[in-house]
Amino acid sequence: MADYEERQSLLGEEDEAARGPGRPMPAICDPNHLLHRIVVLTFMCFLGFGSYFCYDNPAALQTELIQDLNLNTAKFMQLYAWYSWPNVVLCFFGGFLLDRVFGIRLGTIIFSLFVCVGQVIFATGALVNRFWLMEVGRFVFGIGGESLAVAQNTYAVNWFKGKELNLVFGLQLSMARLGSTVNMNIMGWVYSKVGKLVGHPGHTALGASLMIAAVTCLFSLACALVLGLLDRRAEKILNKEQGKTGEVIKLTDVKDFPFTLWLIFIICVCYYVAIFPFIGLGQVFFIEKFGFSPSEARAVNSIVYIISAPASPLLGFMVDRTGRNVVWVMIAVFATLLAHMMLAFTFWNPWIAMSLLGLSYSLLACALWPMVAFVVPEHQLGTAYGFMQSIQNLGLALIAMAAGSILDTRGYLLLEVFFCICICGSLMAVVMLYFVDYLKGGDLNLSAAARAKLQKEATAEAEIKRRPGKTKESEFARLKPMSAFGLRNRYLSRLGAQLPDHCSTHLSSVAHRSVLK
Amino acid sequence: MAAAGKTRSCGAFYFSLFSLLSVFSLSESWFSGEASRRKLSVELNPGWPSPAPPGGDLLHVRAVGDNNTLHFLFCSQGAPTLLLVHTNTSSSTVNVDWTQFLSRNVSGSLKVEPESSVLYSTAVIFSRLWEYDDVNDTAEPTSDLFPPYELQNFTWSRFNLSGPNALLCGATTTFANGSLCLQLSVFDSEGRGPSLPRLLHTANSSQLGVWLDGVLPRATRSRFLLELQAVGGVYPLSRVEVHRSIDDEFTPSIFKVSQWVSSVNGSSDVLGFLQWKPVAYRQSVPALEDATPCRHSDPRPQSGEAVASASGLIRAFYAEPEAFGLNVSFGLAGDPFYNSTKFLSWTVLLGSGSPPVDSFSPLVLAMMAVGLGTPMILLLLGGVCVCVRKRAAASTYEPIN
């Protein structure tokens, strides 16, 4: 199908050159037409599918990996740690590489290639039973994975700016979760089928199943190629610019970060380290503690992703309408603590706890990430988000390793208690944030009405100020002059929060996997 | 203690009363730790003059408490047997009539005296080792069972003693350098085994580790079962209870504990028990990744005469033994076969009174207390701070008249 589309687009391009721009084209070939954009959107959505599908391969095949390769849990979690390590640095440079070095089209293809090659190395490592090769594979995969998410969003902004952008982000988000969910629920089945074909389960069957998973990455690579061609064609016809992430990173900004931003960082790191490593280890936990069958365990493990797909836009809308972000974050963190305590100290059906976890996790994403935009000036937003994702990846890498060895030596109860402690750390930071913001009279916890009023005034002031001095803006030439409100929206909507279309005119797309999840 | 155990397994209740009960269980573990200490004395072949009696050793471990004595008797005359006798005096003794004992055909050749002081006795016999060829990897030992290894026919080594621990290894000709070993440990106080599954023991219990090392399996897809017989006088071990526990701190990923208990008809008081966690390990240094689950069959009444003929100790002590037997099978469908590591170890406790109940370690309690406490304290401090500020602000802006 991809090949067919590719040929279509190539033919279309030649037609274009022959006919010249003036002639009318069929709707499906006209970059201005909705029908053509829907075709582009399909490719855009599947661009990330491969990387989301393969990211959680280890979680979906946890028992098989551990048994076939003779791993302990600490080694198993290294697979997740190795994914996070490159992104500690790449969070800062992904946007830069896309804007300045490769350009969006080449960049997307390169990152897709990394994902593909990484997954193939990973699978080869399993085939030949060399664990270090699998770690190398995850590292290469990590280099591509996060940056590909940035590229995907840049494409979305470039094609759907000011039009159906929120919907597009929503669709991309759903696609990401679809990838994760399908992976969780299908890989076990693939493995057993391959095992029967090969004759017996073992590292050969495992490698073969991972190779099959790599097909999704190839498919995504094909999408990247087609998108590149379509994008170049559209650029020629419409004379538009290549898409930019619009991200500006200045590491020296870090010293100017306010205390509240550091608190937000702590909340973020402490929270996410209790979610992703837990999902990575979840399958066996549900089998061992609750006596679930492997397929049931995979299903309950993927419920977090399934729930967050519809919950994110709804909760995002709710948070936008009510404001009071700090309170929402506090509720989300507390609910997560409750969910983890249920898993640790009770035998209650884990569907309850995991559903609660899914909901609170979506709520946190909607309430926490926009707060960054309220505490740092607009020109530092790129740095702030880059920094936040970087330390989050650092935290994930370290905690993934710690979680593995805690499980090996002290069991699930202590692991869950450890995750509870992380969440408690997050809770402490939220409580402090609440009071610091209250005492400073900050606007983090304002209701939506109060915030709108404040922003109206600010916009008016900014309009007056802007006219005389053009010199300052040249520093940030790539950022179009815009109101604080516009800028905030730009970062709000990359979280998949639903905003009115007219608010999200200029959108950055530096959304990494962690944000999308 | 039993009541506390019940609330602990009922997680919902525990969850809501977490802090209250945690204080309770902490104090509980402190008290029970101090309550019982025993003085151990070990004697090999009591009353036998020359170095080794023919047919196997008899080990006697006397554990003397404040006003009672536990006699642990471990014997390899026939199938390996561990007998536990609970007496209500600290001066009871064991007498063996060796000529009768070695002939193995009359009861009463081993006596605990005074006989009136005996409160309770129970024994466990490792009678057979079963092997089956799991061709379809179902781990269901219904068919394909090879003829069992009769442990009474093994050639057993002499006891290898070190303190209150005894090691006994045995083999049969087809084992090809492999062996089946049993290690008995008797304890003078409460504690935990040093290696997995790290069972909690009291001074009222002894621990038996069983392992099967380097045995040549009769098929490439062999799995094993161990047949256990439990013998008692009036109240034999008759039912197996499986308790769920949320606490897997000491045995990672194992949330169950199985107890084969004896009880007075209908009453919940437990007189004696065999307790184990449903896990075996496939390496000599056990770790989580080498764990393999095990299952047990329901205990079935056995012929007392058959058991007595298999074990010299049973014949000597019990006049009319009442026996129940069950099989412990190692490995579930999909688990590696014995052939993969050629090692399998399993651990069980034998004791009198109620089985020990795991409680949260102080580490878990401290972590939860600090974790939950600190945000609460912060919340309080913050609230107070804000209130004070508000008051101060209100007082400064009071109108001047």
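Predicted model: local features only at pLDDT ≥ 70, side-chain atom pairs only at ≥ 80, totals over all residues.
The largest nonpolar core holds 163 residues. Within this core, A:Phe286 and A:Leu368 touch the most other members. Helix 15 of chain A, residues 381-440, gives the most to this core. Its share is 28 residues. A second core is separate and has 72 residues. Among its members are B:Phe74, B:Leu110, B:Leu182 and B:Val307. In soluble globular proteins, nonpolar side chains tend to be buried together.

Chain A and chain B meet at an interface. Each side is represented in the contact: 36 residues come from chain A and 36 residues from chain B. The area buried between the two chains is about 3300 Å². Carbon and sulfur atoms give 76% of that area. On the chain A side, A:Phe345, A:Phe347 and A:Leu413 lose the most area to chain B. Together, these three residues account for 21% of what the chain A side buries. The interface of chain A and chain B also holds one salt bridge. A:Arg410 forms a salt bridge with B:Glu249. The closest N and O atoms of A:Arg410 and B:Glu249 are 2.7 Å apart.

A:Leu34 belongs to helix 2 of chain A, residues 34-55. The relative accessibility of A:Leu34 is 42%, so this residue counts as partly exposed.

Two cis peptide bonds are described in chain B. One joins B:Glu113 and B:Pro114, with omega about 0°. B:Pro114 is placed in the loop between strand 6 (110-113) and strand 7 (118-133) of chain B. Another cis peptide bond joins B:Leu196 and B:Pro197, and here omega is about 5°. B:Pro197 sits in the loop between strand 13 (191-192) and strand 14 (200-201) of chain B.

Positive phi values are found at A:Asn129 and B:Ser253. Phi of A:Asn129, a residue other than glycine, is near 60°. A:Asn129 lies in the loop between helix 6 (104-127) and helix 7 (131-160) of chain A. B:Ser253 is not a glycine either, and its phi is about 70°. The loop that holds B:Ser253 runs between strand 17 (239-244) and strand 18 (256-263) of chain B. B:Ser253 has a relative accessible area of 5% and is therefore buried.

Strand 18 of chain B contains B:Ser258. B:Ser258 counts as buried because its relative accessibility is 3%. Its contacts exclude residues up to four places away in sequence. They include B:Val240, B:Glu241 and B:Val242. B:Ser258 also touches B:Leu274, B:Gln275, B:Trp276, B:Pro278 and B:His296.

Key
Residues numbered from 1 in each chain as written. Chains lettered and ligands numbered in written order. Heavy atoms only, no water. Helix = DSSP H or I, 4+ residues; strand = E, 2+ residues; numbered from the N terminus. Buried < 20%, exposed > 50% of the residue type's maximum accessible area, 1.4 Å probe, protein only. Core = buried A, V, L, I, M, F, W, Y, C linked by side-chain atoms within 4.5 Å. Contact = heavy atoms within 4.5 Å. Buried area = accessible area lost by both parts, 1.4 Å probe. Salt bridge = Lys/Arg side-chain N within 4 Å of Asp/Glu carboxyl O.
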